Amino acid sequence: MSDEKVIEVKGLTKKYQNLTAVNNLDLNVYKGDVFGFLGPNGAGKSTTIRMLLTLIKPTAGDIKIFGKPLYANRNEIMRKIGAIVEKPDFYMYLSAFKNIELLGGLYGVDTSKKRLMEILDTVGLAHRHKSKVKTFSHGMKQRLGIAQALLHDPELIILDEPTTGLDPQGMKEIRELIIMLSKEKGKTVFLSSHILREVELITDRMIIINKGTTQIEGKVSELLNAEKITVTFELESSDSVENVIAESSWGNKLKAREKNEFIFDVGAEDIPAMNSFFVEKGVNVSAIIPKRSLEEYFLKITSGGAV
Amino acid sequence: MINLIGFELSKLFRKWRTYIGFLAIGVLVPIVQIVLHYEGDRFVNMALRSVQQSFMFDGNLLNGYLIGYLILQALIIHIPFLIVLVGGDILAGEATSGTYRMLLIRPVSRFKIITSKFIAGIIYTNALLAFLAFMSLIMSLIIFGSGELIVFENILYIFATDDVFWRFGMAYGYAALSMSTVFALSFLFSSLVENAIGPIVATMAIIIIFAILSALNFDALKVIRPYLFTNYIADWRLFFRDPVEIKEVINSGVVLVGHIVGLYAITLYLFIKKDILS
């Protein structure tokens, strides 16, 4: 990741009469970033993406892409962006090949059969290039959506929930494709997703928004490290165990108990010491289940927890 | 821009609904021609009954020109239905299918996109009229041969064989202008909604209401009649009078062109300001 800003958004606001969809949003995406854009449904993610792609006009705020004001340099900027906005929709009565041939023609790029077949091959659709899109499954349309986004070899790729509706294998393939685009081809990727595990696996930096406002922004690794985790110890279930815990320094870390599962709010570094403690006290430990994911963090923040 | 128009035409002519108009004309016109082949003389005699006592008619009266004229007169009323089927869908169809998003994130301005769609729609409209001209006039001339054209509209006009073809050319040109106005209206409605049914119904409703208002012979309606574009749609008939009232033709033509330009400008303004939420 470099210090060069690819997307720079300041005070972005979109109001619809009484509804504020996006409120004073700031965000920065740097060259080479895989940037995660998170938020629950209705948080304003799609509205923001539509503003970045000039589909919706902001009520207020500035958007710069590649260092230039978006609206004053729209066509020049859009030439360097590939995108999927929500679900990819195509001309259903045309073949996959014809769809990307026509869309590619709007960029004035090479739309030779060889080149288009290469693109279709990248997303695993070369064998179905003659099929009309109306015969495609949702996953195939998603892959064709990626193909049309890559047609003109863009520098910035904006993907709005690209794995929605895909099976696990399809999700994995899209994840691998995004990682390949970033690592091998040096693309900057702006990824909106509600599948938080996916964002955790792919992105370098992220922002979480809720009700149109920024909740938190930063490097994924730093944000995760800042969080305490919950650890569930499955112990032999007896009242004496609870007493043992209560009398120890771990007592005040006990968050909840459900039958033989004891859930602690601790740091990852505490797990070995806790395990030793239970062994010393002669308590049988049948399982240790740490939970530390962006999902818990995300749920905590979006449900009105600590910010 | 030429690429964009090609792009739009390519999409347009790959949709089955684009061919409904061609299919309808391709079926209807031959039916009318077959019927007139067998019953045409009876029809001509009936039409000229009132003047046959005063004049004697000789020659091929049931010729390609007369049949072309009759078909144009009969079908031009219904052509707007076929035009709005495509015009109502040309923008709303993109909203319905979600392809607006795909289209409008390309490095092409909305002005160019709207203009190319508009031009593609006008090309379709003119292609349909050209097909009607081919089927109704050229085919009729091939089947029934040429001859003088008799037109009976309050006054009986008899046009010499070599004085007819240009009139048809101008009449079809004017009809294309009329139908382009219908297309422009459906195009405007198509930009406002996300389903093609609404623009189709709304355009036809306006044409029917305006046509009724144009036809009702009340003094109170005379004031508004000049402002109803439907009042000028059938003025292709002016080319089948002698002499042709050029001033009236130009006046009607200017009103229609004004409507086309105005409706396009409103559509463009609304579309450029539009938030794409589909």
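Me: How many bridges join β12(A) to strand β13 of chain A, and what makes that a pairing?
Reply: Four bridges join β12(A) to strand β13 (residues 261-266), and they run antiparallel. Two strands pair if DSSP finds at least two bridges between them, so four is enough. One bridge links A:Glu258 with A:Glu261 in β13(A).

Me: Before we go on, what sort of model is this?
Reply: It's a predicted one: local features need pLDDT of at least 70, side-chain atom pairs count only at pLDDT 80 or more, and totals for chains, interfaces and linings use all residues. Residues are numbered from 1 along each chain as its sequence is written, while chains are lettered from A and ligands numbered from 1 in the order in which they are written.

Me: How confident is the predictor in chain A?
Reply: pLDDT is its confidence in each residue, from 0 to 100. The mean for chain A is 82, with 92% of residues at 70 or more. Confidence is lowest in helix α11 (residues 294-302) of chain A, at a mean of 62, and highest in strand β5 (residues 68-69), at 91.

Me: Why are β12 and β14 of chain A called edge strands?
Reply: The open sheet has four strands in the order β12-β13-β11-β14, with antiparallel pairing. β12 (254-258) and β14 (285-291) each have a single partner strand, so one side of each is left without a neighbour in the sheet. On average, neighbouring strands here are turned by 20° against each other, direction ignored.

Me: What makes residues of chain A count as touching chain B?
Reply: Two residues are in contact if their C-beta atoms, placed from the backbone, lie within 7 Å. By that test, 22 residues of chain A are in contact with 19 of chain B. α3(A) gives the largest share of chain A's side, three residues.

Me: What makes 15 residues on that side of chain A nonpolar?
Reply: Ala, Val, Leu, Ile, Met, Phe, Trp, Tyr, Cys and Pro count as nonpolar, Asp, Glu, Lys and Arg as charged, and the others, Gly among them, as polar. Sorted that way, chain A's side has 15 nonpolar, three polar and four charged residues.

Conventions. Axes are lines fitted to C-alpha atoms, for helices over the stretch in contact, and angles run from 0 to 180 degrees between N-to-C directions.
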